Amino acid sequence: MARAAFRRVGMREGWQAIDCGCGPIGGLAVMAEMVGPAGRVVGVDVSEPAVQRARSVAAALELGNVGLFAGDIHELGAAAVGGPFDLAYTRLFLMHQPDPVRTLRQITGLLRPGGWLVAQEALRSPPPRSHPHLDVLGTYWDLLYELLERAGGVPRGAIDGLAGSARAAGLEVVAVDGSFATMDPELGFDLHAATALAARERAVASGIASGQQIDDLVSDLRAAKGGGYEWVSGPSFLDLTLRKPVAP
């Protein structure tokens, strides 16, 4: 998905790019390959452990054109992270932001005039699917989004309305698309189970679910790996291509 989106905006060797909320790897490897040795890629994440992991992965993959910063994107100016950039990328990042307009405006400030922002964010509905159908996928996805909205303060429908938020932040909406990917059931159900487990502590602390409820979800998702399923999907993504206007 990332590679196809970068090709659509003409990403090429020598570009400067930033992955906002890169986590332990994000789009860094694809971005580093596409900008080449003459280009530069920066990854930013608020989690220091995630950034340390990303440094280890980047080193293992010999991504010599990648730099990493631990910090809140809202507190980092373009100069602090080596900008301005030709392209910014978000994946599963804006869906965690309580004020998408503020976050998009901040990212816009990291771009050069005419620079691109590719945003790939997971929709609340439809949830991940499988064949045959598995009800627990919907239960788990509803729980994750309830956690984002109730404990994280993310407005309901924030991702559905992301194009409007982008316009409010001063960006041009060039294209709105969407897609989902299917995976081998053993891998796919394992990823969903790991995601549910990662949310356990916060879900329990916020009163959204009990530890037993989360454990049961994880158990059901893991059990599905051997249940004769033909495929399982990841989230359905809203795929936005945005551009910072060129100053007159």
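Guide: To begin with a term, contact means heavy atoms within 4.5 Å. This is a predicted model, in which local features need pLDDT of at least 70, side-chain atom pairs count only at pLDDT 80 or more, and totals for chains, interfaces and linings use all residues. Residues are numbered from 1 along each chain as its sequence is written, and side-chain values use heavy atoms, with hydrogens and water left out.

Visitor: What is Ala78 in contact with, leaving aside its neighbours within four places in sequence?
Guide: With those neighbours set aside, Ala78 touches Gly83, Pro84, Gly109 and Leu110.

Visitor: Where is the place of Ala78?
Guide: Ala78 sits in the loop between strand E3 (66-70) and E4. Helices (H or I, at least four residues) and strands (E, at least two) are DSSP runs, numbered from the N terminus.

Visitor: Is Ala78 buried or exposed?
Guide: Ala78 is buried, because its relative accessible area is 18%; buried means under 20%, exposed over 50%, and partly exposed in between (1.4 Å probe, protein chains only).

Visitor: Turning to the core, how many residues has the largest nonpolar core?
Guide: The largest nonpolar core has 57 residues. Such a core is a set of buried Ala, Val, Leu, Ile, Met, Phe, Trp, Tyr and Cys residues joined through side-chain atoms within 4.5 Å. Those with the most contacts inside this core include Leu104, Tyr140 and Phe189. H5 supplies the largest share of the core, nine residues.

Visitor: And what is Leu104 in contact with?
Guide: Beyond its neighbours within four places in sequence, its partners include Leu94, Leu117, Leu162 and Leu242.

Visitor: Now the sheet: which order do the three strands have?
Guide: The order is E6-E9-E8 in an open sheet, with antiparallel pairing. Two strands pair if DSSP finds at least two bridges between them. The edge strands, E6 (130-131) and E8 (182-183), each pair on one side only. E8 is joined by two bridges to E9 (residues 231-233), and Thr182 stands opposite Ser233 in E9.

Visitor: Which element gives the largest share of the lining of the largest pocket?
Guide: H5 gives that share, six residues.
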